[in-house]
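Got the model open and wondering where to look? Let's walk through it one spot at a time.

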Amino acid sequence: MKNGVLGEETLTISMMVNGESVVRDVPVNRTLLSVLREDLGLIGAREGCGVGECGACTVIMNGKTVNACMVLAPKADGATITTIEGLSDGEHLHPLQEAFIEEGAVQCGFCTPGMILSAKALLDENPSPTRLEIREGISGNLCRCTGYQQIVDAIELVVNRTEEAKA
Amino acid sequence: MKNRVVGERVARIGIRDKVTGHARYAADLEIKNALVLKVFRSPVAHGRVKKVMTEKAAALEGVAGVFTAADIPGENLYGIINRDQTVLASEKVRFVGDPVALVAAETEEIAEAALKAIEAEITPLPALFDPADAMAPDAPAIHEKGNILFTRKVARGDIEKGFADSDLIIEETYETRMLEHAYLEPEAGVAYRDETGCVVLLVTTQNPHADHAQLVPILNVAPDRLRVIQTETGGGFGGKLDISVQPFLALAAYLLKRPVRMVYSREESFMASAKRHPLKIRMKTGASREGKLLAMESEITADTGAYGSYGIAVATRSAVHATGPYNVPNVSVISRAVYTNNNWCGAMRGFGVPQIAIAHESQMDKLAQRLGLDPITFRLKNAFENGSVTPTGQRLEASVGIRETLKKIRPYYQTFRKEIEANPSRRYDGVRHGVGVASMWYGIGNTGHPNPSSAQMEVDRDGVVTLYTGAADIGQGSDTVLVQIAAETLGLPYERIRLVRADTTLTTDAGATSASRQTYISGRAVQEAALEIKRILTEKAAGLLKVPANMVACEDGVFFPQFREFQKIPFEEVARAGLKKGEKIRGEGVFNPETTSLDPETGQGTPYSTYAYASQVSLVAVDEVTGQVTVKRTVSAHDVGKAVNPANVEGQIFSGVAMGIGMGLFEQFYPNKTKSFDTYLIPTAMDMPEITPIIIEVPEPTGPFGAKGVGEPALIPTAPAILNAVHDATGRWVHQIPADLETIRELISEQEGG
Ligand code: FES
Ligand code: FES
């Protein structure tokens, strides 16, 4: 540990973020969310509550979803992190992103990145969830706009497409 | 001719940026060297401000400024309907959270430290938390003019005779709770002064033009010295109609001449923003033996909290809609909005109508039960139709789809009923099932006030078409719908229209994104602007094609004579013909639906030019042990006039049902206590049933392509349908929401006890 410009304790952390290695000096009390948003410009993780209750800041860390507002940056040292920006190369969208567009699963969009990442983590673990399992999988992500139905439809669409592709 | 764009499920404008995370909300805007703003808020509910000591805070290193009421260059007063709110308290504070001082600092941490260094001497005054206390003759006055903000009366027919003629009269008191909008994006914005010194605000808002109108007198600047631009907005539901961070941003940027930013924490958003008015409703309804409604009398009290905000609108709307969508010849309603020292209440999806619908729909089911009629038959016996006269004396001439909505849900009602009856365990095995119905009507636009919208369109020499609208898309999808309307009118592909929206310098006032009015009112304004362009271009095309103008059509961006379709001219060629460099073709549209103000004594008049209608059926399961109510299925039928974008309409229906479930079953905001989603529970995906949306299109002649609105109607029938289903399941009526675990357990034990 050492001290940063403002005198607070800092720590050097290294992470793989969306496939790129990142090394940063961060104050020990900073959250992963603020490092992603402020230092790395990855604004797709949104701050809806800052206290781990809404899921708008969801990112995937070592294969599991976390609320980035609840992870202190030093905890992310050595971690592999996927944010919404890591899901598409800008040209081709991830199948979940395509499906969210097709099903109209987005209104204000504030919850959307977190929702898509939770869906991705779910499908990575369980490629053919039932509708109820989909609902469970996204139950940590609040959405005030959509009533969730078109979101569930979108995720189910990806499940069905994957199954068709296999058949 | 078939519509090509209107009625299609086109993808929303901006959706790609939202799914990739690139959309920028106000908190995501990068602004160099911005100062961080924070507000010092009153710790007491009611008090006289003696002294605010800011010297210590101002002396801290990194603090750029600390402001109090004395620093406001113009009027320290605002309010969307009645002006009663201060930017920074000067004499009094009226709720816990009232802003007292504003800090601008280099960092978040310094701003926090500065807040701690501020001392305010506030002499507490007796605080009032119940409207009944506030209306008492000797109650201390929260505002100078007294504690009753507004009274609305609606009177029609002979109420006494109506009850005397009734064979059956039901009277009950209903109570609803204070609710929080809980949009996922907290209030946020940035502001700076541009090269000319103009203060520019980029802010999450539902109405940039109203923000502008309220901020100009606060800053005391010429209107063109302030510009408000709406950023991508993460939901509003009425909660972003009032100004929040705007005056702080404007003030600090103006006085300090530095860029500033302000983002509310969730806790501050809960504390500082408007809430849904809790209503206490006494309602007495009379009907004949044959099942005709004869009389309805109601007394409504709305707690508007510390400030007026939209309280007047809520008092009026709840009164005007109090019968529900039914013919009732004799009506008497008195509705009051009352000040207390609770959080101030304002607009929230439906302006009092979701609350009053709980009363009128419970009354309907009680009457139906006593009359031995099923709830749909009873509603159909009384529902409005063309030619019906509303309690304000308005004759409904067109687009009255209530009967259609009831007929469409009937088969589902019967199926759910049969399912329960065929399966006795669904009644008695500790989890009781029930089915409930509710209907609603909702006036589109502001109540009894002119509420015009305007729009402009331009076509340049390259055939680039730009639509200018002041309408704020807050996630509900007005951008998409307005562009669809423009594209359909012009015969252009949807993608060809550029949109400039919600910027007070570039666009004209479209009115608020509220009252479910943008599709209907701004949509019609856009249609008018597009028709103007179409007229000009059609004439030009007629000249080029050498045929009369009434023979010319345009489809998919190509003009052609209707009888010689092979003779085609592309849109851009027609646009270019005869245009000099820099010249543009312009069209302007204005629409102001016909309304009249309501008579102060009787409420008679035309509050809205059109109404939306809906009916909903819900199947619920009530766990007798835990008291938990689970909504299993919901079918929701909405007469929207015309679904310009059916996917958006369905999205609104799903959304409204979700908010209605929260309202009916668990949401409750406790002033000064509720601080987070930990105690303010909103529905998750697990709380939601599968919903079947049914779109009914009874066209509204004055609407664009027949469209009305759906944003608020979607919510309104939900909670009442659930409460009626709970009664069906348990035999007990719920008279106050939320019907949470304790309420239900108590109801059931009462039943067993007696
Ligand atoms: S912002 Fe992290 S959970 Fe809400
Ligand atoms: S789309 Fe607005 S919160 Fe989900």
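## A walk through the model

Start at Gln150(A): leaving aside residues up to four places away in sequence, Gln150(A) touches Glu103(A), Gly104(A), Ala105(A), Ala647(B), Glu650(B), Gly651(B) and Phe654(B), where contact means heavy atoms within 4.5 Å. Before going on, note that this is a predicted model, in which local features need pLDDT of at least 70, side-chain atom pairs count only at pLDDT 80 or more, and totals for chains, interfaces and linings use all residues. Residues are numbered from 1 along each chain as its sequence is written, chains are lettered from A and ligands numbered from 1 in the order in which they are written, and side-chain values use heavy atoms, with hydrogens and water left out.

Gln150(A) sits in helix 5 (residues 149-166) of chain A; helices (H or I, at least four residues) and strands (E, at least two) are DSSP runs, numbered from the N terminus. With a relative accessible area of 3%, Gln150(A) is buried. Buried means under 20% relative accessible area, exposed over 50%, and partly exposed in between (1.4 Å probe, protein chains only).

Now hop to Arg498(B), in strand 21 (residues 497-501) of chain B. Arg498(B) has 46% relative accessibility, so it counts as partly exposed. Not counting residues up to four places away in sequence, Arg498(B) touches Val464(B), Val465(B), Thr466(B) and Leu467(B). Its C-alpha atom is 8.6 Å from that of Tyr468(B), 30 residues apart along the chain.

Grid points are joined across faces, edges and corners, and a volume is the space filled by probe spheres set on the points. By this rule there are four cavities of 30 Å³ or more.

The largest cavity has a volume of about 550 Å³. Of its 40 lining residues, Gln476(B), Ser516(B), Gln652(B), Val710(B) and Gly711(B) lie nearest the centre. Helix 17 of chain B gives the largest share of that lining, four residues. By class, the lining of the largest cavity has 14 nonpolar, 21 polar and five charged residues (Ala, Val, Leu, Ile, Met, Phe, Trp, Tyr, Cys and Pro count as nonpolar, Asp, Glu, Lys and Arg as charged, and the others, Gly among them, as polar).

The second largest cavity holds about 140 Å³ of space, and its 18 lining residues divide into nine nonpolar, five polar and four charged.

Last, the aromatics: there are eleven aromatic pairs over all chains. Rings of Phe, Tyr and Trp (its six-membered ring) pair if their centres lie within 6.5 Å; planes under 30 degrees apart count as stacked, over 60 as edge-to-face and the rest as tilted. Phe559(B) and Phe571(B) are stacked, because their ring centres are 6.0 Å apart and their planes are at 15°. Both Phe559(B) and Phe571(B) are buried. Tyr608(B) and Tyr611(B) make an edge-to-face pair, at 5.5 Å centre to centre and 80° between the planes. Tyr608(B) is buried at a relative accessible area of 0%, and Tyr611(B) is buried at 2%.

Key
1 Å grid on protein atoms, 1.4 Å probe; cavity = no way out; pocket = protein on both sides within 12 Å on 5 of 7 lines; lining within 4 Å.
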